[in-house]
Amino acid sequence: MTDPRAWAWVEHLRQGGTTPWSEWAGRVEPAGAVVPGAQQLELLRRLNQSGDPQPSLVERVLAASAPGRGQPDLELVGAGRESPFGPRPVDPATLPEAELVRVAASILAEDVVAAGLPAPPRVRRPRPWRRAYRLHGDPELVAPVRDDLVARGRPPGGRSPDHLILATDLSQMLVHLWTIRGFDAGVPGWRTWLRRMEEHGTLPTRIDPLRVARRRTGRSAPDRIHVVLDPDALPRLVGVRRAPRPAPGLAAEARELGRRIGAVVGVLVPADRRKALMRRRLWPWLAEHPGSPLVVPDALDGWLGDHAGRIAEGLSRAGYAVHGNPEGLALRRPGVDAPHPAATLTLAMRMMLAGGSNANPTEEE
Amino acid sequence: MTKRVLLHVGTPKTGTSYLQDVLFRNQQALEDAGILYPADRFDAHFLAALDLMVLPWGGLEAEAHGAWDRMADEVRQWHGTTIISHEILATASRVQAARAMSSLGHPDTEVHLVLSVRDLVRQIPAEWQENIKHRRGFSFQEFLATIQDPHREGPVATWFWGVQEIPDILNRWAADLPPERVHLVTVPSPGGPPNLLWERFCEALGLTGLELDRGGERTNPSLGAPETALVRRINLKANRVVPPGRYRPLVRELLAHQTLSRRTGSPRLTLPPDVHPWAQELAGAWIDEIKSRGYHVIGDLGDLVGPPAAQPYTDPDHPAEAEVADAAVDAIRALLVENGRLLGVEEHLNAQLAETRQELERAHFRPTYRARKKIVRGLESSRFGRGILKLYRFGRGNSSRSA
């Protein structure tokens, strides 16, 4: 595209301008072969509105291409002769936030990969007198507990271990599982994923403490199986005084942004590296930005209540040790029932302006 | 020898799988003729395309990281002609296309763009069928409405036009190439000589005169209207209970490709008569545009108009139930045969397992071992017993404790 008005707007944005395309009237000589897509330009304009992006970030945004499936790079409406082919040109201000998040996620994914893994925590030598245990259940609860206990010289394993099934209310566990799957491998959006879950009927095993317990029963003595709903019970069960540190919670938009970033990181690095980068590098970055937690929509109360009742009854009938109140499985917490696209974009831009990798400079490699 | 890159970027359903299979199996013969087809596995160029476009693809993207740059490195080091071919490249953005061209040495290296194209009259039903074979459940009517919507919103319309709108693909890929370096290969109309498309590919890719093994085709077989309707119904019923990893071998491969595509006597999928004029009018506009740009056309642009409307039209959304039932019986038969085979495998594995267990039992048959095992099991079933065991193990030392 050689439209002088479009190139003038690119230059305006490059210099930190915030004028919307529809109000732009300047003209300059074309400065390249291809005007960046409307998504990239609008994202840069909003970054300029929100802060003072570094010149390197400006150039990366202009050179980016929206990854994955979705709208292709769109042309600016009213810029030169409109081609009768391809998607219709747009006024960038009218683009949905989700399209801008696509571009932002691609840049943040590059930041995550460039930052590498943080230095691993100091790990103490395993204590010979440690209690034998294994952890199961909600992955967002299990991972930080295991990491913390390993660092304190109490890794899981050992002869005839106690099997500790970590759980909380079903709404939270669904949020946790969706997040971890989005970080590790990729999942559809929250609402779509929940709908599929409801259609499928059963809960995934990891967040169904009764099914986890039953799976262990054939291989371990029943009195070795503990369902831990109350985190305060955990220190006694693993033989420590101080409770293991839980993972810092994430806001609804942070979970959605993590899912989007994970999809790109998955193409940039091998699967095991993706998992490590997402959990150890991106998670703390996202946790720095507070916001409302994500919860299951009220419309699914009945479905969740049925499962909570079934699990509580099954645990009681089988006589498993339950630490905490089984009624807590049906607990409802305040929060938002879906990540808001505008909040997700705001968070993405805040992280871009913060410089991604500069936020946590400790590097492993 | 002139250094050239022949970059074939699509479109889907134009014989690309067959072409890529022949190229992959004849790498040595091609290399002897000075032509590089850089692929260490048959889907190497697909992975490179995923990498270039940062495109998740059901987990396959995990194998794709760095694939484009590795391939481009090989291309830059080769002294002669290189062929790169994958149809999903058609959907690359302008920025991605520019990055790809630059990584292949453009503008210093002579890059030629090859685009194989087929009429929309056949492409539209073929794309719907491809969607159905990828677990989708929308009707043909819904698909047609989606792609005819000028807003082109949503993943289905975006993808369809991204890989099918010929002038737009060329805008993205060939904006700064001279027209003589852009080669359009048209897929012949139905009923043409069977070798004609291959001959056109040979001309575009400089393969004419080479002795190539063309056996063992990797084709993408098509389904008839009742068979596609059946797979759609299976999707609607079974998607909830069949995870994607199981769907691929059982539904797409076993049912669609190996069973239902062999039912060639059923009515074929075609465009509805009321949509036919729209598709041909669009093709007419594309032909005019392509002619005006002066590209090298191998074949006949008239091929893009497509065949006349089928008479009578078979609506896959309201198929003849007897034909669907026939297809379903074939599908059940195939599933029974496959289940029989799997039961055989299971029996064989069970026999092997039993044999292994017997060996293990024999090894542990000593009476003292059995007695000790019984005692340990007994002790482990109670808290008191576990305490005794712990004391015993502590007394014996670290070597008796597990890690």
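Two strands pair if DSSP finds at least two bridges between them. The structure worked on here is a predicted model.

**Exercise 1. Give the strand order, pairing and edges of the open sheet in chain A.**

Step 1. Order the strands. Chain A has an open sheet of 4 strands, arranged 1-2-3-4.
Step 2. Assign the direction. The pairing is parallel.
Step 3. Find the edges. Strand 1 (133-137) and strand 4 (321-323) of chain A each pair on one side only.

**Exercise 2. Work out how strand 3 of chain A is joined to strand 4 of chain A.**

Step 1. Apply the cut-off. Pairing takes at least two bridges.
Step 2. Count. Strand 3 (residues 225-228) of chain A has 3 bridges to strand 4 of chain A, so the two strands pair.
Step 3. H226(A) stands opposite A321(A) of strand 4.

**Exercise 3. State which strands of chain A helix 5 and helix 8 of chain A lie across.**

Step 1. Take helix 5 (residues 139-151) of chain A. It lies across strand 1 and strand 2 (162-166), at about 155° to strand 1.

**Exercise 4. Describe the side of chain B that touches chain A.**

Step 1. Count residues. Chain B gives 34 residues to the contact, and chain A gives 34.
Step 2. Locate them. Helices of chain B that each supply at least two include helix 3 (44-53), helix 5 (94-103) and helix 16 (383-396).
Step 3. The chain B side holds 13 nonpolar, 9 polar and 12 charged residues.

Definitions and conventions:
Residues are numbered from 1 along each chain as its sequence is written. Chains are lettered from A and ligands numbered from 1 in the order in which they are written. This is a predicted model: local features need pLDDT of at least 70, side-chain atom pairs count only at pLDDT 80 or more; totals for chains, interfaces and linings use all residues. Two residues are in contact if their C-beta atoms, placed from the backbone, lie within 7 Å. Ala, Val, Leu, Ile, Met, Phe, Trp, Tyr, Cys and Pro count as nonpolar, Asp, Glu, Lys and Arg as charged, and the others, Gly among them, as polar. Axes are lines fitted to C-alpha atoms, for helices over the stretch in contact, and angles run from 0 to 180 degrees between N-to-C directions.
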